[in-house]
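Student: Please pick one part of this model and take me through it closely, from its geometry to its side-chain pairings and its surroundings. I would like every cut-off stated where it is first used.

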Amino acid sequence: MKRSLILTALAASLALPAFAEGDAAKGEKVFKKCKACHAVGEGAKNKVGPALNGIVGAAAGQAEGFKYSPAMKEAAEGGLVWDEETLAAFLAKPKDVVKGTKMSFAGLKKESEQADVIAYLKGF
């Protein structure tokens with residue numbers, strides 16, 4: 001019985017995605033890689049990429065005044081939401097999440113950096 005409970009708990013933990021809580025202070029440093037194209041904070045404006053205030057949990061393609069690529073518009077119409085899981089995947093490899101995106105960023109390979117950037121973005 002004990003073995004059965006352990007196996008059940010293990011299976012349950014593997015079935016759910018695990019997201020480490022990120023460090024917003026570290027995320028601020030990592031976000032410097034993003035600043036050429038994106039802005040956050042008070043007075044943030046769209047640049048080459050949209051301003052990212054309120055992005056965590058938001059529907060894709062909603063930054064006012066930003067001209068999105070056809071691929072991002074299609075993903076938005078399909079119901080893409082920037083939850084933590086989707087943001088992490090996009091930060092890791094944007095073109096795998098939204099095929100045809102104009103975003104040329106190669107991605108953040110370290111899961112810790114992805115979590116840190118997401119924690120930082122949550123502050124806006």
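Tutor: What follows is a close look at helix H6 (111–122) and the parts of the chain around it.
The structure is a predicted model, in which local features need pLDDT of at least 70 and side-chain atom pairs count only at pLDDT 80 or more, while totals for chains, interfaces and linings use all residues. Residues are numbered from 1 along each chain as its sequence is written, and side-chain values use heavy atoms, with hydrogens and water left out.

The setting comes first. The protein chain has six helices and zero strands (helices being DSSP runs of H or I with at least four residues, strands runs of E with at least two, both numbered from the N terminus), and its elements, read from the N terminus, follow the order α-α-α-α-α-α. Across the 124 residues of the chain, 33% count as buried, where buried means under 20% relative accessible area, exposed over 50%, and partly exposed in between, using a 1.4 Å probe and protein chains only. Of the contacts with a separation of 6 or more, 45% are made by residues 24 or more positions apart, a contact being heavy atoms within 4.5 Å.

Within this setting, H6 contains 12 residues and spans 17 Å from its first C-alpha to its last, close to the 16 Å expected at 1.5 Å a residue; the expected span is 1.5 Å times one less than the number of residues. Because nine of those 12 residues are buried, H6 is largely enclosed by the rest of the structure. The buried residues of H6 are Glu 113, Gln 114, Ala 115, Asp 116, Val 117, Ile 118, Ala 119, Tyr 120 and Leu 121, and they pack against H2 and H4.

The model has two salt bridges, counted where a side-chain nitrogen of Lys or Arg lies within 4 Å of a carboxyl oxygen of Asp or Glu. One of them joins the side chains of Lys 33 and Glu 113, at 3.6 Å from N to O. This pair links distant parts of the chain, with Lys 33 in the loop between H2 and H3 and Glu 113 in helix H6, 80 residues apart. Glu 113, at 17% relative accessibility, counts as buried, in keeping with its place among the buried residues of H6.

The side chains of Lys 122 and Glu 84 also meet in a salt bridge, at 2.7 Å from N to O. Since Lys 122 belongs to helix H6 and Glu 84 to helix H4, the pair ties together parts that are 38 residues apart in sequence. Lys 122 is partly exposed, with a relative accessible area of 41%, and Glu 84 likewise counts as partly exposed, at 27% relative accessibility.

The link to H4 can also be followed from the side of H4. Its buried residues are Thr 86, Leu 87, Ala 88, Phe 90 and Leu 91, and these pack against H3, helix H5 (94–97) and H6.
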